[in-house]
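Please view the sequence and the structure alongside the text.

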Amino acid sequence: MIEIDGSYLEGGGQILRTSLGLSALTKKPIHIFNIRARRPTPGLKAQHLSVLLAIKDLCNAKLKGAKIGSKEIYFFPNKIDKDKLKIRIETAGSVGLVLQTIFLSSVNTDQNLRIRIEGGGTFGKWAPSIIYLQKVFLKTLEKFGFLAKIEVLKHGFYPKGGAKVVAEIYKSNLNGFVIRRVIKKIEGISIASENLKNRKVAEREVEGVKKIIENLNMPAEIKTEYVSSLSVGTGVELWTTPTILGANSLGEFMKSSENVGREAGELLAKEINSGATVDKHLADQLIPFMALADGHSSYKVSELTNHTKTNIWVTEKFIDRKFKIKKIGDLFEVFV
């Protein structure tokens with residue numbers, strides 16, 4: 001059994017999610033203690049429990065400690081033999097974080113898997129949006145050979161959530177990939193709930209983005225979309241092509257639409273100007289997939305976050321490969 005201290009470095013929910021995904025994939029049982037020990041309210045919250053129960057169902061696992069507030073779990077995985085999985089999220093917890101964990105558990109699968117999620121949020125604080133997963137995360141993983149797609153039937157925002165999302169994971173095998181930098185265009189989308197249409201929230205967000213990125217002298221195509229949702233909400237997602245760097249901003253109370261757009265634009269401009277080949281969020285998300293891929297993989301990132309260091313630490317407990325980090329000017333090269 002692999003022992004995992006949930007208080008390591010960033011001490012958050014990522015340790016739980018990466019450990020669960022790799023446990024389900026490798027069939028190695030785990031004991032995680034001090035869960036989210038460095039958070040203001042330690043232990044499992046509703047969205048972490050949603051991930052835990054989803055992975056339990058996926059691999060027919062035995063589980064101890066699955067309750068709100070629990071700081072310790074035991075997880076005993078079995079074979080993944082499902083081709084369909086239905087998940088219900090009662091809160092506005094992140095749909096993206098649930099899917100990321102399932103994607104990891106399904107690497108090198110020998111069968112297709114269809115996932116339907118009802119409830120939860122497609123945008124939220126401290127979590128990747130569904131658009132980020134579609135346009136940044138999965139598009140980058142395609143280069144490693146991982147094939148999946150996501151369809152949003154209904155968007156969900158805090159506090160009610162209410163999203164409806166379908167994802168498909170296809171048979172695939174991971175191969176190593178060196179991410180190089182070729183940036184030719186900026187793309188993006190501003191999504192807002194229908195009741196914000198009269199105030200032209202999405203259009204104003206795009207104007208905010210454009211005021212920042214016009215200095216980059218790069219072609220840009222940023223769309224707007226108004227959607228039906230249970231709660232009022234909005235978010236901007238930006239990405240570059242063909243090398244994919246992502247950045248986003250979430251609408252909040254007392255935060256103008258123009259500032260939402262400017263914030264996303266500034267974050268993307270910072271990533272572009274850094275010379276990186278992945279953004280700092282994708283950097284940590286790629287770690288377990290790189291370890292599982294056959295052959296050499298590497299990327300360059302502007303900041304080596306605690307999330308990235310933590311994912312390296314967790315991944316090396318399951319996979320017999322060692323990551324190396326090299327400082328090159330202002331960038332960090334991460335390779336395996």
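This is a predicted model: local features need pLDDT of at least 70, side-chain atom pairs count only at pLDDT 80 or more; totals for chains, interfaces and linings use all residues.

Residues are numbered from 1 along each chain as its sequence is written, and side-chain values use heavy atoms, with hydrogens and water left out.

**Sheet**
- An open sheet of mixed pairing is formed by four strands in the order β1-β2-β4-β3; strands are DSSP E runs of at least two residues, numbered from the N terminus, and two of them pair if DSSP finds at least two bridges between them.
- β1 (2–5) and β3 (62–64) are at the edges with a single partner strand each, so one side of each lacks a neighbour in the sheet.
- From one strand to the next, the twist averages 15 degrees.
- Four bridges join β2 (residues 30–33) to β4 (residues 72–76) in the antiparallel sense, and Tyr-74 in β4 is the bridge partner of His-31.

**Helices on the sheet**
- Helix α2 (residues 46–58) packs on the sheet and touches β3 and β4, where contact means heavy atoms within 4.5 Å.
- The direction of α2 makes about 15 degrees with that of β4; axes are lines fitted to C-alpha atoms, for helices over the stretch in contact, and angles run from 0 to 180 degrees between N-to-C directions.
- Helix α8 (residues 306–318) lies across β1 and β2 and runs at about 170 degrees to β1; helices are DSSP runs of H or I with at least four residues.

**Glu-333**
- Glu-333 is buried (under 20% relative accessible area, 1.4 Å probe, protein chains only).
- Glu-333 has no salt bridge (a side-chain nitrogen of Lys or Arg within 4 Å of a carboxyl oxygen of Asp or Glu); Lys-300, the nearest side chain of opposite charge, is 4.4 Å away.

Terms used
Buried means under 20% relative accessible area, exposed over 50%, partly exposed in between (1.4 Å probe, protein chains only). Lys and Arg count as positive and Asp and Glu as negative; His and the chain ends are not counted.
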